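Trainee: I would like a close look at a single part of this model. Please take me through one interface.

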Amino acid sequence: MITKEQQSIAGSVKALSATKQAWTLQKEEYAAGQRWKEEGKPVAWSCAVFPKELFWAMDIFPFFPEQFSALFSVRRLEGSQDPSVPTYATHFCQIAEAEGNPDYLCGYARTGLGYVIEGVRTGNWTDVPMGGPPLPDFLVTTSYVCDVRMKWFESMAQMLKVPLFTLDVPEIAHDIPSSPWGLRGPALSIRSMTQRDLQRGRPEPPLVAAAADYDLDYMISQIEDFFDFAENITGHKRDLDKLNEALEWSYKTCELNREINELRKAVPAPMPSTDGFGSAYPRLYLMGTKRGHDYFLALRDELKEKVARGEGAFPNEKFRLSWFGLPLWFNMGIFNYFEKFGGVFVYEGAYNTGLLRPRRPEDPVRELAIKCLGAGGGIGSTVSGILEECRQYQIDGVVLSYLITCRPIVFPAVEIANALEKELGIPTVRLECDLVDERIFAQSQAYTRLDAFAEALLQKGSIAHGN
Amino acid sequence: MWRWLGTEPMAFAGVDVGAETVKLVILNEGEILFSKVLATEEEGAVASRQLMEEGLKETNLSMEELSYVVSTGSGRATVPFANKQRSEQLCHARGARWSIPSAQTVLDVGAEGSRAMKLNDDGKVIDFAINSKCASGTGTLLRAMTKIVEIPMEEMGIMAANAKSAAKISSFCAVFAESEVISSIHTGVSEESIVAGIHESVVSRLLEVLRRVGLVEDVVVTGGVAKNIGIIKRLEPKIGLEIKVPRDPQTMGALGAALMAQEMGGGS
Amino acid sequence: MSTEFRSWVENRHEAVKEWKEKNKKQAVGYLCCVVPEALIYAAGALPVKITGSGEKFEAVDEHMVPYGCGFVQSCFDLAVRGIYDYLDTVIIPNTCDLVARMEYWYRVAAPKASTILLGLEAHPYVFYLNYPEKLTGSGVHNYLFNQFRLLKQHIERLTNTTITDEMLSQALEVYNEHFRLINQLDELRKQDPPLVSGYEAWEVEFASLLMPKSDHNELMKSYLEEVSQRKDKPEKGVRLFLSGGSIDQEAAGIYKIIEESGGQVVSEDISTGTSYFRGITFDTNKPPLDACVELSLKVPCPRSTVDATLVNPWPEWRWNYIKRLVKDRDIKGAIIYNLGYCECRGLEIPHFKNKLKEEFDVPVLVLSGDYTPEVLEETRSSIEAFVEMVGD
């Protein structure tokens, strides 16, 4: 049953103290960015899946509309606690919709557009959480993941009257289903490889199933085009040493994340999704920096000790859950929701840093291009990825976030539910919601559904706990 | 009177066939002779004929003496005696402008949908937006809620207008909204707060439609839901403008249709 | 004359099957305008634009959520039900998010038997064409050239033909002629009232996506002659511009609703006619495959993007294309018919609304549909109101 308190925006309760550092990092980044802008240095607005190392190589300070849209979703206008007062995100969504942007668009896009529309109209950019991001000198997006991030950035660039660069990442079809219900054989497996593997003389794994030399050539040309574009605007020269340094930090951060992902397999779960999603900021936006790396170092160390002591995040773990998709940022408390039943979200694959590729310090541009190409996906590999995760983490049930405004996340959802049921006998429950727009979430209906799911899981019993 | 004077009768009629009601306005030279709303479950052709018979009887006119009839509303095509059909957008805007000559933004909120019209200085419609995808933001939702909260519509409106706080009820989807109302009842949220929340939910939708055409005063609300004081009082602070409601908002569509009939039929 | 075009449109599946039977050749299905039809034509195969139907879905819900483009879902539904089984291969480009994912769904849910070697298909039924998202950029021509080279090999294996440069050049000539004839038809719509109604023009153009271009060209010549001598022109309607996405034989009902409401579409920006190719032709001075690449990169599909640099701060490439379609048409209003969940077109709506008002001083009606005939019918009252409003 929902209490009056639950009608407000809910944050999550974290299990690890290292995770709390993420909020501090965010605040520091905003302050640093605002100072950077005041000093007349170049600021870009970009997106989560753009390789940040390119910004570090060019001395550009990036901010991210997806990120500040999420930030805007956790505060109501003027700090109100009254649930009938909209959040900043919802408020900006309404502004974007009033201008004719359809309401089925991604919540990040509507929020970002509304913020820019209002900012251009009133000149007020700072009456928002954390004083808002510094205004951009140019915009940089990528074609990877979805169409909206390209077209939305076009609209923003038009309104802000700034240049725009799109990094075109070929959408490789390494999408061979692993187990398409008996129709075809097993997929090509793509092994992850560390520097040590390379040193031991193991052959480099295939790039991806279908990437070819011209895909790589194109990707390299895109990166070179970005450098030309950024040099032209900022007057800074591309610095391949800085790129190498950033890629080194990324590599080390990804290694740490690989370790963290392994440690998270422990029973009881030592690091739930409260902390997994709580680490989204450094993982997505500080990749390639020392401060990002150090965050995960502290997290890994704390986690390692916890696992050594056999400690779980939650003392009374009865069943293990996974969250498919992205969260509803305005209600992160949902990741604590099942605790009253003994359920814990033990893993979320959404922001997985992906497979490691060997470093190529002699050619960092090529290394980055390979990394970009390897980030592809599709329905088939998403489905096989989830199946593998559920096996590894001994998952009893999966919550599918039906982000009805986020097409790449929601498109595979039915196939995932089918595959989980058929291949592993894992039940799923779906949750219709939006990333940041709290209007698109029927709280009472959702919680009723989750309660029923919990009861069904308790009755079914847990793989890991044998009850 | 005109028979006594020996002049030709110049009466015109407008019929608005909606989902739950039929409205008829008969006028002559700009003077309203008859105006009525009939709640009916009959289909459009039968209901419009019934109401017309009543109107003719009361005005002592015959069908032949009506020079021109225009029909509007979702059931406008079903009116057998209409000379022409015209959209609700133009008719409601016309009727509102005639009743309140300073009208520049007209919001018609009916049972099945809401529409906002933007008028230029000459009273011509230059833009409109509609919401008819979902029951949220319509009279249908309010009516459904009266059954759940078990409070009559008029009382609900007054309660909503005076409530100090409003429960958070979804405006995105009528089904979401209904389940949230039921849940709020079970969790002991006050009746007043729930009713206010329902009205806030409808108002949110109306605001979206209004914003799509842009708000220029005077803002006039027409349609059956305009009689709901709760909606009006909760919408006003959101738009920051006073809302004007014609004396008989539900007949504005029929009035507008009658005015058009007057023009088309050669009246002044 | 137009009845022959109509018969292809109304009985498209039967018509293609008959053509296959008669000519003993292959039919190559494809989605989207970026696929190089001419390459398929050059091999002697029939390029067939895949479209949907107004029938209720039978197979979609088992695989997909409802929050996606109804048109693409309908195409998929027909494939799963076997309606498109007569296609010998299907080319799926990575145009928009849902179309790109059709590559998986066609393979898994509408498969065709194929030889498997080492876990891979020897000759896949589905060819995934990786089309660039950005049309500018130093490496884009070479990239797409390689994709087309692979596609050429795929078509060659299918048809057991080698597509020589000469064959491809001849195909480009046929297509250039097609573009010229369609442009002539388009010119007839500039007149007031236009010599052909919007729906008729749509039907003629749409037929060209189903039948061999050379046959269509022949029919067009006599058709154009007949039209130019018409005495009975379509009823004078309020002149309108229509912007919509996949206006196939189902969604084209909107033309009829507009005409029945007293309007007349005199120009359009849609992705299932040839409006994308207005004013562009293959450059026959270039090697033919390069010419195919160049033309494909000119397709002004809203899902694509270009860079905006300091030199060219806002290229307005999509608006300039729309402007060409609207100029000299004397339109009184514009209708943007946004099929639900079409994000690329959806994001353009505010900008185009403003531009149409600013540069052409016309009001704009924005409608949403979900590709179903029921919701299409619901647009009637808004269209009637809009036509009344602009005609007033």
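What is the area buried between chain C and chain A, and what percentage of it do carbon and sulfur atoms give?

Mentor: This is a predicted model, where local features need pLDDT of at least 70, side-chain atom pairs count only at pLDDT 80 or more, and totals for chains, interfaces and linings use all residues. Residues are numbered from 1 along each chain as written, chains are lettered from A and ligands numbered from 1 in written order, and side-chain values use heavy atoms, without hydrogens or water.

Now the area. About 5200 Å² is buried between chain C and chain A. Carbon and sulfur atoms give 57% of that. Buried area is the accessible area (1.4 Å probe) that two parts lose on being put together, summed over both.

Next, the residues. Chain C has 61 residues in contact with 57 of chain A. Contact means heavy atoms within 4.5 Å.

Then the polar side. Between the two chains, 23 residue pairs are in polar contact, both at pLDDT 80 or more. That is a pair of N or O atoms within 3.5 Å; within protein, one must be able to donate a hydrogen and the other to accept it, and residues adjacent in sequence count only if both atoms are side-chain atoms. The rule also finds 1 salt bridge across this interface. It needs a side-chain nitrogen of Lys or Arg within 4 Å of a carboxyl oxygen of Asp or Glu. Glu343(C) and Arg407(A) form a salt bridge, at 2.6 Å from N to O.
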